Amino acid sequence: MALPLFPNPNQNPSFFLLFLSLYLFASMMTLANIASIDSGPIRPTTPLVIFLEKLQETAFQTYGSSDFDPKYYVDLSLKFDLKTTEKGFDEIPRSQNGSILSKDLKAFTERYFYGAGEDLIFVKPVDFVVEPDGFLPKVKNQKVRSWALEVHSLWRNLSRRVSDGVKEHPELHTLLALPGTCVVPGSRFREVYYWDSFWVIRGLLASKMYETAKAIIYNLIYLIDEYGFVLNGARAYYTNRSQPPLLSPMVHEVYKRTGDIELVKKSLPALLKEHHFWNSGCNHILSRYYAMWNEPRPESSTIDKESASKLLTLLEKQHFYREVASTAESGWDFSTRWMRNASDFTTLATTTILPVDLNAYILKIELDIAYFAKVLGESSIAQRFDEASQARKNAIKTIFWNEKMGQWLDYWLGTTSENVHKWEAWNQNQNIFASNFIPLWIDMFNSDECVVDKVVKSLEKSGLLHAAGIAASLTNSTEQWDFPNGWAPLQHMIVEGLVRSKSKEAKTLAEDIAVRWMKTNYATYMKTGAMHEKYDVRRCGEFGGGGEYVPQTGFGWTNGVVLAFLEEFGWPEDKDVDC
Ligand SMILES: OC[C@H]1O[C@H](O[C@H]2O[C@H](CO)[C@@H](O)[C@H](O)[C@H]2O)[C@H](O)[C@@H](O)[C@@H]1O
């Protein structure tokens, strides 16, 4: 969702006056959303999701919280129609207080459901070969090369197609009927995820698997055609929100390697729709995350209800649930980045934050649309998006850039009519997060030598750099997108931004970060036979993260970033493979 924002009057006095009158009317509308408790849009879910949530709740009460994964229940598919299943559910024997015996619930689920993930079929991608021609030419070290080939082979373990049953009877599944080959993150994430797909594609390109990369893009375009935007993931319970919008760079990267003009032709209308989803259409705009949902997330319903239990009124709970879903939309679920009070999860305030990274991604969409339009000879679209990208670039500079820190900072909107639309320095969140460096990924910023110089110095002394890469934040919280976790996407975007600049110092830093990350993954893989979605960045090579680890499956975006880094940097001769 987008929000018009005033320029900083100190930096841009002329813009300030120009927008003052236009803004008064718009701000009345905006304030209604921000100041009141939950007046936002809702996108209803399906009867199946509602029923599976009921099953999830029952399972939680019956089996208890130990090792309980609520998502498992909303991933089940039905053997019979919903009415028959509901009847079977009502017939489960219950004691006087309503409780159910474990054995009865187990018998019910076995009789009425297929297991989670059974509606996705393993496939060998059409373009997979054991050792692709021209695979990672810079990797000479034999030990590293054979590891890289193993990582490459993991694409077979992560590739799926949606079973015909889903296409014939979508009402029996929460899985959505994507048309082509899918690559899933792995572990409990059995379905396609939006932003994960970007790093999966980066790795597939290093693996020369162009057809699979295109199939992923066409799946995401299918979601835009069906729903108007790319969903968080390909499940019926994800239809109320998106995820960080990275379709345009996926198309750009694949086009660069293949020159496939058909791909660009088919992508452009979808990207225009997606851009519309993230923007209200007026000039000079910055966007925020805003889910169309104010109830517990179905895939985590038992957890969300527990978190909301200390809130007293329904309105407070609804407001909190929208913040939770909106934070999931950010991909950073969860982090103190989005909390007013770092020790109180119920103070999530994501919908009142203008996030640096989201706006960098939307700027990239605008730049990519302008580029694709030029390739296709659509000059009026090209011109419109050249202008839009200039406007957003200015807004990013004006609202987010902090000269003293050499970082771009999230901007917190006020909640009263006096302060919501007035730029104030103290509304910039001065805490250090990896997201404060993401605009460097955009060429408009990494081509500015003065900016790069400041950002490199700032990153070096930020405290985010550790033995295993870049931490998500400096706050030592229990939230997974905080210290001590380092995530593949953050390593990659920052490194790529540094590499694209002209600065030698930036390139050296990029290689240093990439090598730390690759060594961590190498060591973890040697120790455990897999790579994980995130790492404890304090300890080199030490597996760290929640969630189960599945040998030989790896994790989609980690595999992708490792292969992308090996392609870019090789394995420097003087770097030992051991941690
Ligand atoms: O389990 C519930 C949440 O799981 C997802 O979030 C995490 O995994 C995703 C897949 O790798 C990743 O894209 C995201 O950044 C992670 O935080 C899901 O995206 C959430 O919406 C969901 O509630």
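Modeller: Start with contacts: two residues are in contact if their C-beta atoms, placed from the backbone, lie within 7 Å. Residues 24 or more positions apart account for 72% of them.

This is a predicted model, in which local features need pLDDT of at least 70, side-chain atom pairs count only at pLDDT 80 or more, and totals for chains, interfaces and linings use all residues. Numbering runs from 1 along each chain as its sequence is written.

The protein holds 20 helices and 15 strands. Both are DSSP runs numbered from the N terminus: helices are H or I with at least four residues, strands E with at least two. There are 579 residues, and 48% of them count as buried. Buried means 20 or more other C-beta atoms within 10 Å of a residue's own C-beta atom; exposed means 12 or fewer, and partly exposed is in between.

Now the helix pairs. Take helix α2, residues 47-63, with helix α4, residues 82-90. Their axes come within 11 Å and cross at roughly 20 degrees. The two helices are therefore roughly parallel. Axes here are lines fitted to C-alpha atoms, over the stretch in contact for helices, and angles run from 0 to 180 degrees between N-to-C directions. Under 35 degrees is roughly parallel, over 145 roughly antiparallel, 65 to 115 roughly perpendicular, and the rest oblique.

The crossing of α2 and α4 is left-handed: the near helix is turned anticlockwise from the far one by less than a right angle, whereas clockwise would be right-handed. From α2, the contact uses P47, L48, F51 and L55. From α4, it uses L82, E86 and F89. By class, this contact has 6 nonpolar residues, no polar ones and 1 charged. Ala, Val, Leu, Ile, Met, Phe, Trp, Tyr, Cys and Pro count as nonpolar, Asp, Glu, Lys and Arg as charged, and the others, Gly among them, as polar.

Follow the chain into the loop between α2 and α3, residues 70-74, and you find D67. D67 has phi near 60 degrees, a positive value in a residue other than glycine. With 7 other C-beta atoms within 10 Å, D67 is exposed. D69 sits in the loop between α2 and α3 as well. Its count is 17 other C-beta atoms within 10 Å, so D69 is partly exposed. D69 and A530 are 461 residues apart in sequence, and their C-alpha atoms are 21 Å apart in space.

Then comes strand β2, residues 77-78, which holds S77. S77 is buried, because 21 other C-beta atoms lie within 10 Å. Leaving out residues up to four places away in sequence, S77 touches F113, Y114, E118, D119, L172, H173 and L175.

α8 passes α9 in a left-handed crossing. On the α8 side are Y194, S197, V200, I201, L204 and L205. On the α9 side are T212, A213, I216 and L220. Here the classes are 8 nonpolar, 2 polar and no charged.

The loop between β6, residues 182-183, and α8 contains S187. S187 is not a glycine, yet its phi is positive, about 60 degrees. S187 is partly exposed, with 18 other C-beta atoms within 10 Å.

Next, the ligand. The shell around it has 14 residues, and P185, Y193, A328, G331 and D333 come nearest. Near means a C-beta atom, placed from the backbone, within 6 Å of the molecule. The shell divides into 5 nonpolar, 3 polar and 6 charged residues.

D333 also takes part in a cis peptide bond, to F334, with omega about 5 degrees. F334 lies in the loop between α13, residues 314-329, and β8, residues 353-354. The bond from F483 to P484 is cis too, with omega near 10 degrees. P484 is in the loop between β13, residues 469-470, and β14, residues 485-487.
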